[in-house]
Structure formats: structure tokens, C-alpha cells
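Student: I've got a new model open on my screen. Could you walk me through it, one question at a time?

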Amino acid sequence: MKRILYVLLAALAMLAAGCNPEVEFVVTPTTLEFDGNEGTQTVSVTAGATWVAKIGEDAGWLTSSKTIGKTSAEVEISVTANGPQPRSGEIQFASDGQVVTVTVNQAAGEAQGTVEKGEFYPDPASGIDVDP
């Protein structure tokens with residue numbers, strides 16, 4: 001009887017040693033800071049299951065190199081050049097019921113030249129001089 005118990009314990013120990021622990025869902029960093037120019041930064045996704053990324057509806061200026069993955073991956077987050085106001089957006093990464101939000105902040109870009117009333121400037125689309 002003792003012998004059977006030892007065999008069972010040994011079998012359980014081997015089974016436990018062969019099991020992989022669950023991979024924790026982690027996205028880093030959770031905040032990205034960009035200057036006013038276009039640019040790209042990398043986010044690291046660690047997952048043991050399929051994950052998806054969704055960019056917020058009000059952040060059309062953000063793009064992601066991947067929006068779905070089966071395991072861990074490096075994801076490039078890109079922004080377009082910004083105008084005169086700073087902006088912020090979010091990307092939500094989700095896997096197995098867990099959600100991690102990455103906040104993307106972009107500083108104001110260079111201010112465009114101002115035109116005084118009565119001054120003419122060429123309209124880039126038509127090439128015609130326009131009075132603002």
C-alpha cells in the first residue's frame with residue numbers, strides 16, 4: 001500500500017512540474033508621451049491567450065501596428081503630426097476578461113503662421129490667392 005502511495009505522489013509531482021503556470025496579461029508602458037511631430041513608440045504585450053487592441057473613437061490620429069495577437073508581441077503605436085493644441089487618446093488591450101488601457105499624450109505641434117485680414121495667401125488646394 002505504501003508503495004502505491006509513493007508511486008502516486010511521484011506521478012503527481014511529475015505532473016505538477018510539467019504544468020506551465022498561467023501567463024499574466026501585462027501591457028507596458030501604460031502611458032506614451034509624444035512631441036508634436038509624427039512618431040512611433042513600442043508597447044510590449046505579454047499574454048498567454050489571444051488579445052485585442054481597440055483605439056478610442058476620438059483618436060483617429062493614432063494607429064497600431066497590430067490589433068490582435070495570440071501570444072506576446074511588440075506593438076508599434078504611431079501618431080500623426082499635431083496642430084496647435086495638445087491631445088490625448090487611449091488604446092485598450094483586452095485578453096481573457098482583463099483590460100489594460102494605454103494612454104497616449106501628444107504635445108502641441110508648431111503653430112501655423114497667422115494671416116491678417118486683407119492679406120492674401122495661396123490656397124494649397126487650388127493655388128488661388130485667398131483673402132481670409
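**The aromatic pair and its surroundings**

Tutor: The structure holds 1 aromatic pair. To pair, rings of Phe, Tyr and Trp (its six-membered ring) need centres within 6.5 Å; planes under 30 degrees apart count as stacked, over 60 as edge-to-face and the rest as tilted. Keep in mind that this is a predicted model, where local features need pLDDT of at least 70 and side-chain atom pairs count only at pLDDT 80 or more, while totals for chains, interfaces and linings use all residues. Residues are numbered from 1 along each chain as its sequence is written, and side-chain values use heavy atoms, with hydrogens and water left out.

Student: Is the pair of W51 and F93 stacked, edge-to-face or tilted?

Tutor: The ring centres of W51 and F93 are 5.9 Å apart. Their planes stand at 50 degrees, so the pair is tilted.

Student: How many residues apart in sequence are the parts that this pair ties together?

Tutor: Strands here are DSSP runs of E, at least two residues, and helices are runs of H or I, at least four, numbered from the N terminus. W51 sits in strand β4 (residues 51-55) and F93 in strand β8 (residues 87-95). The pair therefore ties together parts whose separation in sequence is 42 residues.

Student: Which residue's backbone oxygen lies 3.0 Å from a polar atom of the S95 side chain?

Tutor: S95 is in strand β8, and at 5% relative accessibility it counts as buried. Leaving aside neighbours within four places in sequence, S95 is in contact (heavy atoms within 4.5 Å) with F25, A47, A49, T50 and W51. The backbone oxygen at 3.0 Å from its side chain belongs to T50.

Student: How far apart in space are A73 and W51, C-alpha to C-alpha?

Tutor: A73 lies in strand β7 (residues 73-79) and is buried at 14% relative accessibility. Leaving aside neighbours within four places in sequence, its contacts include W51 and V43. A73 and W51 are 22 residues apart in sequence, and their C-alpha to C-alpha distance is 10.0 Å.

Student: What about E22: buried or exposed?

Tutor: E22 lies in the loop between α1 (2-18) and β1 (26-28). Its relative accessible area is 79%, so E22 is exposed.

Terms used. Buried means under 20% relative accessible area, exposed over 50%, partly exposed in between (1.4 Å probe, protein chains only). A polar contact is a pair of N or O atoms within 3.5 Å; within protein, one must be able to donate a hydrogen and the other to accept it, and residues adjacent in sequence count only if both atoms are side-chain atoms.
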